[in-house]
Amino acid sequence: MANIVIVGTQWGDEGKGKIVDLLAENADAVVRFQGGNNAGHTMVVDGEQFISHLIPSGILQKKICIIGNGLVVDPKVLIEEINYLKQKDITVTPKNFIISDRAQVIMPYHKLIDTGRENLKADKKIGTTGRGIGPCYEDKAARTGIRFVEFTNETGFAEKLKAVLAEKNFYIEKFLKLTPPVFEEIFAEYSEYAKILAPYIADASAAINKLIKNGGQILLEGAQGIHLDIDHGTYPYVTSSNTVAGSACAGAGIGPKYIDEVIGIVKTYTTRVGAGPFPTELFDKTGDFIQKKGAEFGATTGRRRRCGWLDLVVLNNAVKLNGLTGLAITKLDVLGELKSLMICTGYKYKNGIIKDFPADGKVLEKCQPVYEEMPGWNEDIALIDKYDNLPQNTKNYLKRIEELSEIPIYIISVGPQRDRTIVLNNPFLNISGIKTPSFT
Ligand code: GDP
Ligand code: IMO
Ligand code: MG
């Protein structure tokens, strides 16, 4: 029996959706614990692509899927997602899908404030997804948020909405100079959403703890990436939640003693959407090659992702912050055809070398990556399903990642499809709890 947390080690879009979908086969439930529909998690099964923004990426494996209390949820988007899955004959009922009664509801004013603020910022934009994530988490912290428990209670909802709207509309009208939303309109529209979602609302923490008690295996699906974490990321160019593995317990409502493994998803290169420092970013032909071959466009906003080399300062920061026990390496196929590959092992700053990820964005902006060069490979590895059959240079590259991070590689992904994967160690199958050694 094992409970596993999955986190993105970089700036998001590492391929969490694919790996969660894959591992979900042996899980009993998949739980999202933070973020909202700023996430876009892609699964490719039987030639068909699914992008999930809110429903955990275990839904295609027909597992119990749970939205934890740590999320901010746009009800309209969630209903669209449920309907989309139903159209594809994927069952979503209150028997296999739960929304925590304590999760926060994203309201129209959150989205208005998110985009309105960004528009005022000129050259200092964060490049948010515009989904209202930040303003909704602000309200949670300010204790003025609306949770699903109030949302689905008609009188409670009306009361809360009226009170909060008075303050929001003052800000929207006077500061953002935008047209404020009207109480009656929001109430009418969102009461309908509440009715549709009411059957799914439950005490998610109680449900997860019961599953664990009954011997179930839980997969906790992180969103975004560690360097977008509100505390540990490249502040202020971050999202508004804690994305680190430690947040899984708070956002799902379980105790830390139940977590057995933390798997960090590592894209074999680095990408970032939105603004903020990115030391290994490439502005040349290699960057364009990776962007095109890797089809690096945002799964949520469609924005072109910035691309760069693999950064071990970033990965080692993720190792430290999450207590990673294993790595899943994704998009290895994309690096084929490149003559040589660069791994950043430190940052040159002033006259020294930095190995620890700096807190100060101004310092990070001035950091020059120090690279180790490794020979690439020409072979197309997309159809390889055994580690032994990988080209020697590919093995050397993987081995170097293990050496530099001191964390074993559990999974190697060589294509977007579920089956384009080499699994070296699946902790869900490792029932004895004794870790199988890595391949190095
Ligand atoms: P997430 O947000 O971490 O779930 O990642 P996204 O779904 O936003 O972005 C990852 C993209 O890479 C998606 O289009 C996936 O289908 C794709 N992908 C995942 N693993 C691989 C892989 O090993 N090779 C290739 N070529 N594509 C992959
Ligand atoms: P997944 O789960 C990549 C980025 C945005 C922006 C910053 C703040 O698919 O990996 P927000 O809307 O959260 O206030 O935006 O965070 N961002 C992501 N980048 N993948 C994501 O999710 C992201 N979620 C937010 O681009 O820079
Ligand atoms: Mg994504």
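1. Start with helix H1. In this predicted model, H1 gives three residues to the shell around ligand 1, the largest share of that shell. Helix H1 covers residues 16-23. Strand E3, residues 41-45, is also on the list of elements that supply at least two residues each to the shell around ligand 1.

2. How many residues surround ligand 1? The count is 18. The closest are Lys-16, Gly-17, Thr-42, Asp-333 and Ser-413. Find these five in the structure before reading on.

3. Now look at the shell of ligand 1 by residue class. Four residues are nonpolar. Seven are polar, and seven are charged.

4. Some contacts of ligand 1 can be traced atom by atom. Thr-42 places a polar side-chain atom 2.5 Å from an oxygen atom of ligand 1. Asp-333 also uses its side chain: a polar atom there lies 2.8 Å from a nitrogen atom of ligand 1. Gly-415 uses its backbone instead, with an N or O atom 3.1 Å from an oxygen atom of ligand 1. How much of ligand 1 does the protein bury? Taken alone, ligand 1 exposes 580 Å², and the protein buries 92% of that area.

5. Turn to ligand 2. Its shell holds 20 residues. Lys-16, His-41, Thr-129, Gln-224 and Thr-239 are the closest. Note Lys-16: this residue is also listed among the closest to ligand 1.

6. Check the polar atoms around ligand 2. In Asn-38, a side-chain N or O atom is 2.9 Å from an oxygen atom of ligand 2. In Gly-40, a backbone N or O atom lies 2.9 Å from an oxygen atom of ligand 2. In Gln-224, a polar backbone atom is 2.8 Å from an oxygen atom of ligand 2. On its own, ligand 2 has 550 Å² of accessible area, and the protein covers 98% of it.

7. Which pockets do the ligands take up? Ligand 2 takes the space of the largest pocket. Ligand 1 takes the space of the second largest pocket.

8. Why does ligand 2 lie between domain 1 and domain 2? Both domains give residues to the shell around ligand 2, so ligand 2 lies between them. Domain 1 is built from two stretches, 3-90 and 204-431. Domain 2 is the stretch 104-200.

9. Two backbone details deserve a look. The peptide bond joining Tyr-235 and Pro-236 is cis, with omega about 5°. Pro-236 sits in the loop between strand E10 (218-221) and helix H9 (247-252).

10. The second detail is Asp-89. Its phi is near 65°, a positive value in a residue other than glycine. Where is Asp-89 in the chain? Asp-89 belongs to the loop between helix H2 (75-87) and strand E7 (97-100).

Notes:
Residues numbered from 1 in each chain as written. Chains lettered and ligands numbered in written order. Predicted model: local features only at pLDDT ≥ 70, side-chain atom pairs only at ≥ 80, totals over all residues. Heavy atoms only, no water. Near = heavy atom within 4 Å. Polar contact = N/O pair within 3.5 Å; in protein donor to acceptor, adjacent residues only side chain to side chain. Areas by Shrake-Rupley, 256 points an atom, 1.4 Å probe, with all protein chains shown as cover. 1 Å grid on protein atoms, 1.4 Å probe; cavity = no way out; pocket = protein on both sides within 12 Å on 5 of 7 lines; lining within 4 Å. Sits in = over half its atoms within 2 Å of the grid points. Helix = DSSP H or I, 4+ residues; strand = E, 2+ residues; numbered from the N terminus. Nonpolar A, V, L, I, M, F, W, Y, C, P; charged D, E, K, R; others polar. Domains from an automatic or database assignment.
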